[in-house]
Amino acid sequence: TRLLSPTEQPEAVQAGLGEDLRALVLISLGTAALWTGRSADAERDLEEALALSRRIGRPLLELGSLSHLALAAGARSPAVAEQRSREAIMLAEANGWHNDPLVAIAHAVRGVARLWRGRLDEAEELIALAERGIRAERYPPAAVMLLAARGRLELVRGRYDASIAAFHAAERAGEMLASPHAVGSRARGHLLAQRPEQAPRI
């Protein structure tokens with residue numbers, strides 16, 4: 001096989017680097033859209049990033065695309081969100097990235113899906129896994145979803161103080177987003193409906 005000449009090598013390197021950067025930019029655009037509540041735009045950019053990452057063989061970029069796609073699809077299609085989160089977890093396990101924060105996002109999405117199905121023990125296990133890797137200052141959209149899920153789980157379990165604390169934390173995380181999440185007021189409504197004397201003012 002003929003080696004690239006010195007004049008050809010920089011072009012080849014630049015082409016490869018260009019595709020890596022394009023995938024990274026698409027992921028950044030998708031996550032920015034998530035921060036501002038534009039889920040449809042986020043899914044479009046992240047789907048393009050996913051296809052490109054797979055084509056150029058960049059599994060870490062693929063993981064970033066899958067995890068954020070799972071988060072973006074959550075409101076539109078829980079089934080799609082769970083499929084993408086499952087793909088992300090399998091990819092991470094295949095590469096030994098068990099503790100990557102991107103995997104925590106996938107665990108959070110699966111935990112929420114289990115919670116809505118009433119599979120509380122499975123939901124609690126997945127939410128606990130996600131809590132180890134998600135930090136509100138780094139992944140506000142994921143943190144809002146995760147903390148709200150924790151609040152709902154604690155509410156169903158009858159642990160009202162823990163539920164209120166989780167919803168408070170979700171509200172604070174939501175303040176980092178351009179499109180705020182009204183989880184605090186929803187929590188108050190849930191708690192008042194369940195047990196009025198247990199619902200402190202938020």
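In what order do the elements of the protein chain run from the N terminus on? They run α-α-α-α-α-α-α-α-α.

**Figure 1. Overview of the protein chain in a predicted model.** The chain has 9 helices and 0 strands (DSSP runs numbered from the N terminus, helices being H or I of at least four residues and strands E of at least two). Among contacts (heavy atoms within 4.5 Å) with a separation of 6 or more, 59% join residues 24 or more positions apart. Local features need pLDDT of at least 70 and side-chain atom pairs count only at pLDDT 80 or more, while totals for chains, interfaces and linings use all residues. Residues are numbered from 1 along each chain as its sequence is written, and side-chain values use heavy atoms, with hydrogens and water left out.

**Figure 2. Close-up of helix H3 (residues 59–73) against helix H5 (residues 101–116).** The two axes come within 9 Å and cross at roughly 30° (lines fitted to C-alpha atoms over the stretch in contact, with angles from 0 to 180 degrees between N-to-C directions). H3 is therefore roughly parallel to H5 (angles under 35 degrees; over 145 is roughly antiparallel, 65 to 115 roughly perpendicular and the rest oblique). The crossing is left-handed (the near helix is turned anticlockwise from the far one by less than a right angle). H3 contributes Leu-63, Gly-64, Ser-67, His-68, Ala-70 and Leu-71 to the contact, and H5 contributes Leu-102, Val-103, Ile-105, Ala-106 and Val-109. These residues comprise 8 nonpolar, 3 polar and no charged (nonpolar: Ala, Val, Leu, Ile, Met, Phe, Trp, Tyr, Cys and Pro; charged: Asp, Glu, Lys and Arg; polar: the others, Gly among them).

**Figure 3. Close-up of H5 against helix H7 (residues 140–157).** Here the axes come within 10 Å, crossing at roughly 35°. H5 passes H7 in a left-handed crossing. On H5 the contact involves Ile-105, Ala-108, Val-109, Val-112, Leu-115 and Trp-116; on H7 it involves Ala-142, Met-145, Leu-146, Ala-149, Arg-152 and Leu-153. The contact has 11 nonpolar residues, no polar ones and 1 charged.

Figure 4. Apart from neighbours within four places in sequence, Ser-65 is in contact with Ile-27, Leu-46, Ala-49, Leu-50 and Ser-53.
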